[in-house]
Amino acid sequence: MSCSKLLFLFFIQLFLCKPIFAEKILSPEELSEIPKNFLNFAKKDEVFDWMVGIRRKIHENPELGYEEFETSKLVREELDKMGIPYKYPFAITGVVGYIGTGEPPFVAIRADMDALSLQEMVEWDHKSKNHGKMHACGHDAHVAMLLGAAKILREHLHLLKGTAVLVFQPAEEGGGGAKKMIEGGALENVEAIFGIHSSTFLPPGEVSTRSGPLLAGSGFFEAVISGRGGHAAIPQHSIDPILAASNVIVSLQHLVSREADPLDSQVVTVAKFQGGDAFNVIPDSVTIGGTFRAFSSKSLLHLKQRIEQVILGQAAVQRCTATVNFEAENKIFFPPTVNNNDLHELVQTVAGDMLGAAGVKGMQPLMGSEDFSFYQETIPGYFLFVGMKDETLEQPTFHHSPYFTINEDGLAVGAALHASLVVRYISDGRMGDPVDHRRRHDEL
């Protein structure tokens, strides 16, 4: 073979291999600058004002679980404007968008879309227009932040060497929308997922989280205790279900105080007691109901078993019968929210690069629950809180309050954090079980 032919073949191979050798690998210093750059991008007037506008539109039109039709439509319209492909519907109103190469690794970021059955008491220009419905848990902000992250990633595609999966989920508030999203295939090929929640106890510019158990698993119960009604003046001719129900409630408190390990936090609360309509009539039956919570699935299942045993047993002691139901419409068991240890290191690094070490706070586990936990049962996942404290108030407002408000300055941090976690996860290499590189999303 002549020298000229060898030289020609060399240049052909060099040309064919150029994309491999030319792909720039970011240095640790360059990676550490991305979160700050993304935050500065999110703070630009045109980007920040756009996110605020989206949040306020959604706030004015709150929709309950599996009814988020207008919210879902708004999401799809904004994705269309950005040229981001998506699949719809998942779980009735859910949307899943895709940004990047269409190749592994696939990493998801999630926002919930549903509101609560509350009448808003905050008087401002964007108060809820739907009577009896309110975004009192910040889900309007969550959607705005995820769309903000989509805009950031769309404008920085050169940094995305894999695929970001945008999960807009319905029905977090008791409806288990995450579970239905998974059943519908929303996590296809995804190997990790991140979720962000607003916090009214942290100022903008701060985040809080922890590795391991973060939020409790939760379940609900309802029991009907039946006796025999009669006149209150002659109780000996009746079987009093109110007395039986009272003994049940006292005995249920012993499950935590005398049976649970003090180092294994658990809660049993009876919050519903319905029985009787007259002051001088013993009713035929009483209905009680409540919730139970724990930080491990094992403890949660143990509480469920013991709650049923106590109710049936105490009812029998008082000559009553009882039925116990752990399934209610739009209320399902939520597993504990447990943050992946490896992802914890990544989140600490990214949040620290963006906000500085002082802006990243540790926290104690909370007894609240989140259906993000269903994602974590399927793949490695991580959940954290972003500061949105309204510092004009003397006391911060609690979630699920009709007076709930947020500081919208926190939107920029949440959006930039979502986008930064995706880029850093992909840059640092895949975690967990390897994903088949032959799989791709043809939407891209």
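Modeller: Arg-110 sits in strand 3, which covers residues 106-112. This is a predicted model, and every value below is computed from it. With a relative accessibility of 2%, Arg-110 falls under the 20% cut-off and so counts as buried. Another, of 2.8 Å, links the side chain of Arg-110 with that of Asp-371.

Most residues other than glycine have a negative phi, and most peptide bonds are trans. The bond from Tyr-88 to Pro-89 is cis, with omega near 0 degrees, and Pro-89 belongs to strand 1 (residues 86-90). Ile-92, in the loop between strand 1 and strand 2, has a positive phi of about 80 degrees without being a glycine. Its relative accessibility is 46%, so Ile-92 counts as partly exposed. A cis bond also joins Pro-104 to Pro-105, with omega near -5 degrees; Pro-105 is in the loop between strand 2 (94-100) and strand 3.

Ala-171 also has a positive phi, about 55 degrees, and is not a glycine. The loop that holds Ala-171 runs between strand 4 (163-169) and helix 6 (177-183). Here the relative accessibility is 1%, so Ala-171 counts as buried.

Next, the open space. The largest pocket holds about 990 Å³. It is lined by 38 residues, and those closest to its centre are Cys-137, Glu-172, Glu-173, Ser-369 and His-400. Strand 5 (190-199), strand 8 (217-226) and strand 16 (381-387) are the elements that give two or more residues to this lining. Strand 5 gives the most, with 3 residues. By class, the lining of the largest pocket has 17 nonpolar, 15 polar and 6 charged residues.

The largest cavity has a volume of about 30 Å³, and its lining consists of Leu-31, Ile-34, Pro-35, Val-350, Ser-420, Val-423 and Arg-424. At least two of the lining residues come from each of helix 2 (28-42) and helix 11 (410-428). The lining of the largest cavity divides into 5 nonpolar, 1 polar and 1 charged residues.

Helix 7 covers residues 241-259. Its 19 residues should span 27 Å at 1.5 Å a residue, and the end C-alpha atoms lie 26 Å apart, which agrees. At the start of helix 7, a side-chain oxygen of Asp-240 comes within 2.9 Å of the backbone nitrogen of Ile-242. Pro-241, Ala-244, Ala-245, Val-248, Ser-251, Leu-252 and Leu-255 are the buried residues of helix 7. Their cover includes strand 8, strand 10 (266-274), strand 11 (281-282), strand 12 (285-294) and helix 8 (297-317).

For the chain as a whole, there are 11 helices and 16 strands, and 50% of the 444 residues count as buried. The C-alpha trace spans about 115 × 55 × 40 Å along its principal axes. Among contacts between residues at least 6 apart in sequence, 82% join residues at least 24 apart.

Note on methods. Residues numbered from 1 in each chain as written. Predicted model: local features only at pLDDT ≥ 70, side-chain atom pairs only at ≥ 80, totals over all residues. Heavy atoms only, no water. 1 Å grid on protein atoms, 1.4 Å probe; cavity = no way out; pocket = protein on both sides within 12 Å on 5 of 7 lines; lining within 4 Å. Points joined across faces, edges and corners; volume = space filled by probe spheres on them. Helix = DSSP H or I, 4+ residues; strand = E, 2+ residues; numbered from the N terminus. Nonpolar A, V, L, I, M, F, W, Y, C, P; charged D, E, K, R; others polar. Buried < 20%, exposed > 50% of the residue type's maximum accessible area, 1.4 Å probe, protein only. Polar contact = N/O pair within 3.5 Å; in protein donor to acceptor, adjacent residues only side chain to side chain. Expected span 1.5 Å × (residues − 1). Contact = heavy atoms within 4.5 Å.
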